[in-house]
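Please read them with the model open.

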Amino acid sequence: MVAANATTSNTAQFNTPATIRSAYSLPSIGGSGAIAIVDAYHYPTSLQDFNYFAKYFNLPQESSTNATAAGNKVFQVVYATGSKPQSGGNYISSWNLEEALDIEWAHAIAPSAKIYLVEAASDSLTDLDYAVQIASRLTGVKEVSMSWGGGESPSEVQWYDTFFTTSGIAYFAAGGDTSALVEYPSTSVNVISCGGTTLNRSNNGTLLSETAWADTGCGLSAYEPRPIFQNVISSIVGNRRGSNDISFDADPNTGVYVYDSTPLWGENGWWILGGTSVSSPCLSAVVNLAASSGNGFAVSSQAEELRFYSNLKNATVFRDITSGTDGRLRSSVGWDFITGVGSPIGLQGK
């Protein structure tokens, strides 16, 4: 498995929590229960970086100085195997950057939801899937976000899809950052597949439009059958599962601010990051925010997907992304592979 982010840009039209909320008509407060972030290896400065980001953007901070304390109210680290995973070196530190992105932006969108960082022992599929199972058992978890993926396999339907079926939890995964290439677990029928967009702004910051991000991973699954929530688009996907389902800002040129003090490639501090790794934690937090506002938490990913697809072409619920291409596939009116039903507008229908 590989982390889906670490796409950086020095010329990015960067986004803060405030500009993202403005683009998607989201409130600055809200959220409840917990969101679990599943990533690989140990991120030694996670608590201090989480709090630095939170203080900078006026978000709730974790008052405990012990990242793994079960009584933490805002942020907690969980070692999936019970032992601290390996840390150090540029390869593992690239996963730390992923973890910083995921925990900080889930918190930015749903600031009143507790954020768990569940650290897998390694980035093998076996270890990551085990971490997903641990995340699914944590107190209060309503959403699990996975900003990683790899190639599909014939065994995924029989052996792996069941990891994403815990009642009361919606699972989200990054669609990937290689155009027109699908990744697992985002292709699972039990996972919400998160695509990517580009936010186009004027010089004064006003949102002008949102277009499909050219590097978004998307397409038809080789093994997953069409799920019930995609019956409404059967004329497009046929008998197989199509991804993506929903989209969010992912272009590194309209990337988001992330704070990571662990050195990577000789750099540390503030980064501007993109990729569908932004989409997954942010969309999991949007759904948490919507549920907490009165919509109610869905009993499963598929139940949440039925909400999405029942609002296909509803312009008050989703912004239909109708322009942009990845070179092979093109966004269009209604559902398309790159952006799914579109990007969220407000909290209705989610």
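1. In helix α2 (residues 46-56), the buried residues are S46, L47, D49, F50, N51, F53 and A54, where buried means under 20% relative accessible area, exposed over 50% and partly exposed in between (1.4 Å probe, protein chains only). Helices (H or I, at least four residues) and strands (E, at least two) are DSSP runs, numbered from the N terminus. The partners of these buried α2 residues are α1 (17-24), β4, α3, β5 (114-120), β14 (256-264) and β15 (267-274), contact being heavy atoms within 4.5 Å. N58 follows α2 and has a positive phi, near 60°.

2. On provenance, this is a predicted model, in which local features need pLDDT of at least 70 and side-chain atom pairs count only at pLDDT 80 or more, while totals for chains, interfaces and linings use all residues. Residues are numbered from 1 along each chain as its sequence is written, and side-chain values use heavy atoms, with hydrogens and water left out.

3. How do α2 and α3 cross? Their axes come within 10 Å, at an angle of roughly 35°; axes are lines fitted to C-alpha atoms, for helices over the stretch in contact, and angles run from 0 to 180 degrees between N-to-C directions. The crossing of α2 over α3 is right-handed, that is, the near helix is turned clockwise from the far one by less than a right angle, anticlockwise being left-handed. On the α2 side the contact uses S46, D49, F50, F53 and A54, and on the α3 side I103, E104, W105, H107 and A108. By class there are 6 nonpolar, 2 polar and 2 charged residues in the contact of α2 with α3. Here Ala, Val, Leu, Ile, Met, Phe, Trp, Tyr, Cys and Pro count as nonpolar, Asp, Glu, Lys and Arg as charged, and the others, Gly among them, as polar.

4. α1 packs on α3 with the axes 10 Å apart and an angle of about 55°. The two helices are therefore oblique to each other; angles under 35 degrees count as roughly parallel, over 145 as roughly antiparallel, 65 to 115 as roughly perpendicular and the rest as oblique. This crossing of α1 and α3 is right-handed. P17, I20 and R21 of α1 meet W105, A108 and I109 of α3, a contact with 5 nonpolar residues, no polar ones and 1 charged.

5. The axes of α3 (residues 90-109) and α7 (residues 276-295) approach within 8 Å and cross at roughly 25°, which means that α3 is roughly parallel to α7. α3 passes α7 in a right-handed crossing. From α3, the residues in contact are E98, L101, D102, W105, A106 and I109; from α7 they are S277, V278, P281, C282, A285, V286 and L289. The α3 and α7 contact divides into 10 nonpolar, 1 polar and 2 charged residues.

6. S83 sits in the loop between β4 (75-79) and α3. Its relative accessibility is 45%, so S83 counts as partly exposed. S83 and A121 are 38 residues apart along the chain, with 8.2 Å between their C-alpha atoms.

7. A polar atom of the N311 side chain lies 3.0 Å from the backbone oxygen of R307. Apart from neighbours within four places in sequence, N311 is in contact with V317, F318 and G349.

How values were computed
Polar contact = N/O pair within 3.5 Å; in protein donor to acceptor, adjacent residues only side chain to side chain.
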